[in-house]
Amino acid sequence: MERSLETQVGQAVDAWLRWLPRWEPATHRGRTAPCRRCFGSPILSAAGLGADVPHGVQHGLSTRIKTIVDHAVATYTAQNLPMLQAELDQQAARNRARSYRPMEGLEPEYEGLPLDPDPTPGAPFLFTISGLAQEMDAAVPALPPLSAEAKAALRQEVGLADDYANLVGREVCAILLHHRLRVQSAVTEFVEPQVDALLSELSQSLDAPFDPGEPRLGGLDAER
């Protein structure tokens, strides 16, 4: 029997809460581009994860909830949108033909993130994971072209799928409102102390503008 949305969302939040104690702040250089999955996400707003919460914490929850929405849309598509389903089946078969699929099988905390770090000016990469994946993708034959009529019908079904995704997304956000307290409580317990410790360590490591043993400018002026 298909689980209700309430059950699925509750289980997703439970899984995120079990993972959260293992989260640690990232110490590498941050990215300049915002995450398209998390930036301005109504799912995160409904869960009470604001912009002040580290992205890694946000991403772990938003990805788990997105999986629920994707599964609901996939079921709706299989039952009601035959042309779109056929197109998705062909694309899935094409993907399986690729010999290198680095985006598959990732944990929710890493799913949907860029494969490579941001480049450093003047220090190009010898190779990138995304570049290798594109090379493998180019070796797989493209899907057959569609007629104008087929394209129009496909666009209509894609629109219906998008409408259903928005409907499910709104319902999921309403359910998440009931989990806000325990989500925010977990952030207070496991995330905020680590962020505070990181900021404290950073402030202690900053060099003082003046050496304590050297006279300040004000002292020199006072002697004149």
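This is a predicted model: local features need pLDDT of at least 70, side-chain atom pairs count only at pLDDT 80 or more; totals for chains, interfaces and linings use all residues.

Visitor: What makes up the secondary structure of the protein chain?
Guide: The protein chain comes to 8 helices and 0 strands, and from the N terminus on its elements run α-α-α-α-α-α-α-α. Buried residues make up 27% of the 224 residues in the chain. Among contacts between residues at least 6 apart in sequence, 80% join residues at least 24 apart.

Visitor: How do you know that the span of helix 1 is close to what is expected?
Guide: Helix 1 covers residues 5-19, which are 15 residues, and it reaches 21 Å from its first C-alpha to its last, to be set against the 21 Å expected at 1.5 Å a residue. Its buried residues include Leu-5, Val-9, Ala-12, Val-13 and Trp-16. In general, an α-helix has 3.6 residues a turn, so residues three or four places apart point the same way.

Visitor: Why are helix 1 and helix 3 called roughly antiparallel?
Guide: The axes of helix 1 and helix 3, the latter being residues 55-80, come within 10 Å and cross at roughly 155°. Angles over 145 degrees count as roughly antiparallel, and the two helices are therefore given that description. Their crossing is right-handed.

Visitor: Which residues of helix 1 and helix 3 meet?
Guide: On the side of helix 1 they are Leu-5, Gln-8, Val-9, Ala-12, Val-13, Ala-15, Trp-16 and Trp-19, and on the side of helix 3 they are Gly-56, Val-57, Gly-60, Leu-61, Arg-64, Ile-65, Ile-68 and His-71. The residues of this contact divide into 11 nonpolar, 4 polar and 1 charged.

Visitor: Why does Arg-64 count as buried?
Guide: Arg-64, which lies in helix 3, has a relative accessible area of 14%, and since buried means under 20%, Arg-64 is therefore buried. Leaving aside neighbours within four places in sequence, Arg-64 is in contact with Ala-12, Ala-15, Trp-16, Trp-19, Pro-108 and Glu-109. Arg-64 and Gln-8 are 56 residues apart in sequence, yet their C-alpha atoms are 9.8 Å apart in space.

Visitor: And what makes Gln-58 buried?
Guide: Gln-58 is also found in helix 3, and its relative accessibility is 10%; as the cut-off for buried is under 20%, Gln-58 counts as buried. Not counting residues up to four places away in sequence, Gln-58 touches Cys-38, Leu-44, Leu-49, Gly-50, Ala-51 and Val-53.

Visitor: Why does Asp-162 count as partly exposed?
Guide: Asp-162 lies in helix 6 and has a relative accessibility of 44%; buried requires under 20% and exposed over 50%, with partly exposed in between, so Asp-162 counts as partly exposed. Asp-162 and Val-73 are 89 residues apart in sequence and 8.4 Å apart in space, C-alpha to C-alpha.

Methods. Residues are numbered from 1 along each chain as its sequence is written. Side-chain values use heavy atoms; hydrogens and water are left out. Helices (H or I, at least four residues) and strands (E, at least two) are DSSP runs, numbered from the N terminus. The expected span of a helix is 1.5 Å times one less than its number of residues. Buried means under 20% relative accessible area, exposed over 50%, partly exposed in between (1.4 Å probe, protein chains only). Axes are lines fitted to C-alpha atoms, for helices over the stretch in contact, and angles run from 0 to 180 degrees between N-to-C directions. Angles under 35 degrees count as roughly parallel, over 145 as roughly antiparallel, 65 to 115 as roughly perpendicular and the rest as oblique. A crossing is left-handed if the near helix is turned anticlockwise from the far one by less than a right angle, and right-handed if clockwise. Contact means heavy atoms within 4.5 Å. Ala, Val, Leu, Ile, Met, Phe, Trp, Tyr, Cys and Pro count as nonpolar, Asp, Glu, Lys and Arg as charged, and the others, Gly among them, as polar.
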